[in-house]
Amino acid sequence: MKTILAAYPGVLKGTGCSILSALQDLPSAPWTALRSKMEKHLQVISVLQWVISFLAMGAAGTVLLIYMFCTDLWVIAAMYTAWLIFDWNTPKQGGRRSSWVRNWTMWTYFRDYFPIRLIKTHNLLPSRNYIFGYHPHGIFSFGAFCNFGTEATGFSKKFPGIKPSLATLAGNFRMPVFRDYLMSGGICPVNRNSIDYLLSQNGTGNAVVIVVGGAAESLNCAPGKNSVTLNNRKGFVRLALQQGSDLVPVYSFGENDVYKQVIFEERTWWRLAQKRLQKIIGFAPCLFHGCGFFSSDSWGMVPYNKPITTIVGEPITVPKIEQPPRDMVDLYHAMYINSLTSLFDKYKTRFGLKESDILHIH
């Protein structure tokens, strides 16, 4: 301190403002480095909390609720259970989104960790409804969550008048506490009732985001792999025709790069076990790893900070046909595949891929 005062003798005769001025003249490098390190830790924590929440919040909330019934807090548990029964159908009826939660500062740290970007290629009309097909699934669909489950990448500013609803497993909405956490971000169950409500009874300007490849696609994701499960996924096209909602292809470059996964060969015992569990529990039990919390050289649950860039493509205008014939569904499914492939080919070289790289569709 004496050294500092000696270097700035005016401080001894000045006021508090002189002290602040002197401190500002000190070398800023150590403070900049400290701030950068703190921001990096906050980014890691924000991503890790989402991973842990997705994996464990539902089970933890259920166990906690049961435990509370065995304690003096049973009245609170009973009240929440009564509320849960009363509120059971809310996820199927548009949910209960919160602008406050979607705009949490934590999501900007989440965005900046990778980082994640959202690129708009065409305007969307608030007078229409849309079904976004999101590809690829990856392990946790970080791009889908950040872009459509939060406002971190500015979806509402880029697409004014459009309200996104990211669809995920319906089983997640049976979990106490976790269901409310998901709904606050505008996340809804990926089932017929929920999607029908959003596209037919919630006005216009709705965009339901469906990760088309689902759990089956997550079993095949790996860094550098450009493949999607789509050939036999036609249900979302049929829904679009029945509701007259436009189809929008969405591709996220880098989604497969944030975790490394052990991919088992088809017909092996491990592969059969994965598929069996997938049918039972609804999601694929992938064997994957990222980096450790304190070191990028160790293995852990923290994803690698690889850039994820999400491109929202051109909408495909879809007519409303309550009972679309199979050939009509096949026609628009083929149009969707062509549009997705064109989107991939147009942007692939901008995000580290070669001109010769192709999108494999299974």
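Arg111 is in contact with Ile116, Cys146, Ala152 and Thr153, leaving aside its neighbours within four places in sequence. The model is a predicted one. Arg111 sits in helix H7, which covers residues 105–113. With a relative accessible area of 22%, Arg111 counts as partly exposed, because buried would require a value under 20%. Asn172 lies 61 residues from Arg111 along the chain, and the C-alpha atoms of the two are separated by 23 Å.

Of its 6 residues, 5 are buried, so S3 is largely enclosed by the rest of the structure. S3 pairs with strand S4 (residues 187–189) in the parallel sense, over 3 bridges. In that pairing, Leu166 has Ile187 of S4 as its bridge partner. S3 is also joined to strand S5 (residues 206–211) by 5 bridges, and these two strands run parallel.

Of its 362 residues, 45% are buried. Taken along the principal axes, the C-alpha atoms fill a box of roughly 85 × 65 × 50 Å. Among contacts between residues at least 6 apart in sequence, 76% join residues at least 24 apart.

The accessible surface of the protein chain is about 19000 Å², and carbon and sulfur atoms account for 61% of it. As for charge, the chain carries 36 positive and 22 negative side chains. The centres of these two sets lie 2 Å apart.

How values were computed
Residues numbered from 1 in each chain as written. Predicted model: local features only at pLDDT ≥ 70, side-chain atom pairs only at ≥ 80, totals over all residues. Heavy atoms only, no water. Helix = DSSP H or I, 4+ residues; strand = E, 2+ residues; numbered from the N terminus. Buried < 20%, exposed > 50% of the residue type's maximum accessible area, 1.4 Å probe, protein only. Contact = heavy atoms within 4.5 Å. Pairing = 2+ DSSP bridges. Areas by Shrake-Rupley, 256 points an atom, 1.4 Å probe, with all protein chains shown as cover. Lys, Arg positive; Asp, Glu negative; His and termini not counted. Charge placed at Lys NZ, Arg CZ, Asp CG, Glu CD.
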